[in-house]
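Dear colleague,

Please find the structure below, handed over for your records. I would be grateful if you could read it alongside the notes that follow it.

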Amino acid sequence: MKSACIAAAALSLAALSVAAAGKDPVAFSHNDWEIVCDNTRTCRAAGYQVDRGDSAPVSMLITRAAGPATAIEIQLQLGGESDVKGAVRLKVGKASISGLQGSDSELDAGQVRTILPELLKSDEATVTAGGGRKWALSLAGLNAVLLKMDEAQGRIGTPGALVRRGSNPESSVLPSVPMPVVHTITPPKKHPGDDALAARIFPALNLNDAQSLCNSTDKVDATSVQVDRLSDSKVLLSLGCDVGAYNSTSLLWIANDKPPYAPVAIDASGDYDGKDASVTSTMKTRGIGDCMSVETWHFNGKDFVRTSATMDSMCRGFPGGAWSLPRYVSRIVGASSTTPSKP
């Protein structure tokens with residue numbers, strides 16, 4: 001059964017673009033598993049219970065950084081039970097691990113070595129806790145996403161591959177890609193007269209996006225535009241906009257604070273935070289909001305550049321998602337700190 005899944009996955013993988021150069025994220029799903037690899041080539045594969053609306057959500061996260069002979073990390077998360085305490089037992093195939101604690105556990109290196117071979121050749125893993133509580137983790141699609149992980153990291157045909165091993169040297173595995181570095185600035189305080197800029201700049205705004213993206217009931221005039229100071233000569237204009245059920249955002253322009261105002265729409269959209277000159281877009285991807293997609297940009301003194309992004313996931317009963325699956329990360333360098341940007 002697993003071999004058939006691998007063959008089908010290989011056909012699917014051939015149709016997908018490979019982000020081997022680390023420039024584009026990898027995103028792929030098969031049955032009950034999904035994988036996202038970020039721009040550094042770190043890959044995260046997440047699996048869930050079969051999607052049948054039961055009240056016992058369970059998820060496993062398999063993480064591996066790029067580069068030869070890197071370690072494999074496995075985490076386990078249980079949902080639907082807010083009071084899971086004490087020992088938790090994970091069983092798959094001939095392997096069994098006892099002593100995991102609570103609803104969020106991380107396996108140690110020895111436990112990973114014990115459980116991984118059985119995960120690759122089984123159809124289901126079970127988790128049990130006190131009081132007869134039980135969770136069933138589906139392994140349908142696991143081999144497919146791990147094959148994708150091997151492919152994205154250049155491991156296919158090497159001893160360290162998870163699915164398709166071979167005798168190619170580990171030195172042929174693709175290295176990790178350094179995080180992009182984004183230098184940010186601290187915006188100045190509001191200047192006298194900034195409150196009057198919205199009315200002056202509004203007539204020069206291109207509102208085509210507002211007309212096509214925003215709901216027809218949204219108010220679009222100068223009074224609905226917010227102005228924030230970006231630098232001594234630049235301001236940010238924000239126009240709030242409802243973009244369908246459960247979601248809202250803000251359309252943004254950068255403009256001069258004196259004529260000619262020359263406002264320019266930017267790719268970033270979302271809520272502006274003047275403390276660190278960032279814009280964050282948070283979108284619910286299901287009606288009850290249990291899946292989220294988040295993207296963040298920071299102002300570098302000239303423009304807003306993307307600093308982080310997470311791919312929305314299956315969620316499968318975990319409010320907000322079981323895991324953060326970054327598709328883009330960066331290192332933010334501000335006036336007094338250096339901070340990895342990881343959603």
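This is a predicted model: local features need pLDDT of at least 70, side-chain atom pairs count only at pLDDT 80 or more; totals for chains, interfaces and linings use all residues.

Residues are numbered from 1 along each chain as its sequence is written, and side-chain values use heavy atoms, with hydrogens and water left out.

Helices (H or I, at least four residues) and strands (E, at least two) are DSSP runs, numbered from the N terminus. Helix α2 spans residues 109-121 and has a kink of about 30° at Ile 115, shortly before the proline Pro 117; the bend is the angle between axes fitted to the seven residues ending at a residue and the seven starting there.

Strands pair if DSSP finds at least two bridges between them. Strand β13 (residues 234-242) runs antiparallel to β12 (residues 225-229), joined by five bridges, and the two form a hairpin with four residues between them. Gln 226 faces Ser 238 of β13. Nine bridges pair β13 with β14 (residues 248-256), also antiparallel, and here Leu 237 is opposite Trp 253.

Thr 126 belongs to strand β9 (residues 124-129) and is buried, at 19% relative accessible area. Beyond its neighbours within four places in sequence, Thr 126 has contacts (heavy atoms within 4.5 Å) that include Arg 89 and Trp 135.

Note on methods
Buried means under 20% relative accessible area, exposed over 50%, partly exposed in between (1.4 Å probe, protein chains only).
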